[in-house]
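This report concerns surface patches and salt bridges in the structure shown below.

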Amino acid sequence: MGFLDVTQKLFEGFGVSCLLFILTLVFSLPLGLVISFGSMSKFKPLSWIVRTFVWIIRGTPLMLQLFVVFYVPGLLFNIQLFSGDNGRFTAALVAFVINYACYFSEIYRGGIEGIPKGQYEAAEVLGMTAVETFFTVILMQVVKRILAPISNEVITLVKDTSLARVIAVAEIFFVNEMDYLAYGIVWPLFYIAVFFLVFVGALTLFFGWCEKKLSYYRV
Amino acid sequence: MAFLEVTGLKKRFGNTSVLHGVDFTMEKGEVLAIIGSSGGGKTTLLRCLNFLEMANEGTIRMEGGFTFHAAKQYTPAEIREMRLKMGLVFQSFNLFPQYTALENVYIPMQLRAKEALRAEYPFGHARREAIGNAKVRNMAQAEKLLAEVGLADKMGNYPYQLSGGQQQRVAIARALAMQPDILCFDEPTSALDPALTGEVLRVIRSLKDAENGRTMIVVTHEMEFAAHVADKVIFMADGVIEEMGTPEEVFGNPKSEKCRAFLHGEKV
Amino acid sequence: MKRFTRITALVLAVLMAAFVFAACGKKSDWATVEEKGYFVCGITVYAPMNYFDDDGNLTGFDTEFATAVAEKLGLEAKFQVISWPNKYMELNSGAIDLIWNGFTYGNESDGKSRTEYVDFTYAYLENRQVVITKADRVAELNTAEAFAGKKAVAEGGSSGEGVAVELSGAEENVTTFTSQSAALMELVAGNADFAVIDYQMAKAMVGTGDYAVLAINEAVQPESEVYAIGARKGSDLTAKINEAIKALSEDGTLAELAEKYDLTNDLIPNIGAEA
């Protein structure tokens, strides 16, 4: 049970955590934008459906959603949506993407709706098209407004990945529980804390850098 | 035939009628001041002229420009084209915060130049070169316009680094850059400290005094400004034009009771 | 709006049809397992049943046993580490095919027989639940009555949990964890007075390593139990596994395995033989 063995084991688990983290962001950041457009749609039935969906997802625990995604298709319908070696990971990813996309969609919506009407009107009277308005005028203002809430969510996501263990995804905590905690070895827990601190620290630096990059203007 | 002819313009928001039928004309090079108490429909009229609101009834016709019939349907592209004949300076400036003063003036010009060049050159090197040339031209034009409003030394500043008066002058330069046939101002000094209104009004006045005097419509609370700069004054109340005439007529000898009461309150 | 409703209804109908179709088309458990060529055993990691050796390979009595059974059936055995409290959900959703991890033939903590949730195969190993306390409290907690009202810990959904409730006298006194080892950690940390876990696990772990301060408290001797394998209710896999177990018992393979893992005294002899 050398330090190196533990490091290697935990790195494997942490690799799974990181992959879950990255893939969740890759899919949920754009999906969130689609959902936010849906919830802002002028076609009322669509906006109601989307908002109800967002309400359900944000109003129920992620842990429950993990259970539902992974177990319910098999329990109720006898179908194995997530079979095979990566089935659990895929199921976790699906639950995470849906959950985070809904959170991101609300952040986007707040950011977009928070842009003063005058910005759109100024763009209009200057003859800009809707697309030009979005990309030249609105986008960077939204980015600046949502940077702080997005960075909060992203850092929360780092730690939320550990929830995937409830459907037995071999992320770092699950690995630790099965390999070390099961033998009464506690110190890797603190080691894990270091992994997370370093990761979150890096993210904090990254978002700080972004904030600095955007500090040349104020919205 | 007048340069701008507005006939029977009506606008409702839901069940509330805001303009009950507005008729007026103006000539090229004229400065028209619109005065009246808040809620009288001045701003709505201006927004209808810039197609930020769509009038429910009536026509707007600009000689050599466009004819807008409220009863007709227009595509967004058609509205954009008509809108570009008009310019609008807002009460709250509405500069784009992420761009410098120069970029605020230059970017909208360049976008339109690019659109025109994309139509002219389908693709390739020639188009890139033409767009590059347009950039140089438009940048120079933007610098010239900013210099004209007295901001030659503030071109690299972001809006938050400018005073309200300076921001409004950038907004005026930005509107001028689009070369509108008529430039509209919606209470351009209402959001400013009294100390800063002078610099903005001076700029507007200089536009009138320039060689080819600008055609302008100014919604304003500055009665003195209206009296001295405008060629024509309209007093609006409750969604209709109550009084219309030269400044001498409107301020000196108003026929309408409402106008007299209003001017008395404003202590001209 | 009308069109929208119609489209929604159509989509729902198609989805429902798909689910019903999938449900109807379900093959028997044995046919499914045979087709995919393996069965998945839901396990938790603990010695001596399923654990990782020094090279990081999964091994243990149950691991080798399941592999041998699979071989007899012409299949492969796969092992999935699960969260023990979710075991029935894992099983019924089809995420695993068997609960094979020192699974006690007995009751859940709510007093319901586990036979209500699973079909058991033949029992293969003797087991009992044992009470664990800190070694320095064995003298103090020396009768069954002494545990009344004491704080207990156990693995959630384990048969130890039922024993813990009985001893402490109330469900509120028992805190459950996702693994037996987590329960033991609580005891070490001083958050509870006693734990109830499997004898086989206690034998391997208590008194060693981080659990050095703990001891098996012999003051209470819960009834003995047996380990068996849990399959889905009504599954035809059960009979197939039983056949294989019987054969492995007859040919001595199980006895060899028991010896290797020091379980000879606990192994049930002549499994499946006519009485």
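C:Glu116 is placed in the loop between strand S5 (98–105) and strand S6 (118–120) of chain C; helices (H or I, at least four residues) and strands (E, at least two) are DSSP runs, numbered from the N terminus. The model is predicted, so that local features need pLDDT of at least 70 and side-chain atom pairs count only at pLDDT 80 or more, whereas totals for chains, interfaces and linings use all residues. Residues are numbered from 1 along each chain as its sequence is written, and side-chain values use heavy atoms, without hydrogens and water.

C:Glu116 has a relative accessible area of 49% and is partly exposed (buried is under 20%, exposed over 50%, partly exposed in between; 1.4 Å probe, protein chains only). Together with C:Asp110, C:Glu171 and C:Glu172, C:Glu116 forms a negative surface patch. Patch residues have over 30% relative accessible area and no salt bridge, with like charges joined within 9 Å and nonpolar side chains (Val, Leu, Ile, Met, Phe, Trp, Tyr) within 5 Å.

Over all chains there are 30 salt bridges, each a side-chain nitrogen of Lys or Arg within 4 Å of a carboxyl oxygen of Asp or Glu.

| Pair | N to O distance |
|---|---|
| B:Lys208 and B:Asp231 | 2.9 Å |
| B:Asp238 and B:Lys258 | 3.0 Å |
| C:Asp29 and C:Arg232 | 3.0 Å |

C:Asp29, in helix H2 (residues 29–36), and C:Arg232, in strand S12 (residues 224–232), are 203 residues apart in chain C. C:Asp29 is buried at 9% relative accessibility, and C:Arg232 is buried at 12%.

Conventions
Chains lettered and ligands numbered in written order. Areas by Shrake-Rupley, 256 points an atom, 1.4 Å probe, with all protein chains shown as cover. Lys, Arg positive; Asp, Glu negative; His and termini not counted. Charge placed at Lys NZ, Arg CZ, Asp CG, Glu CD.
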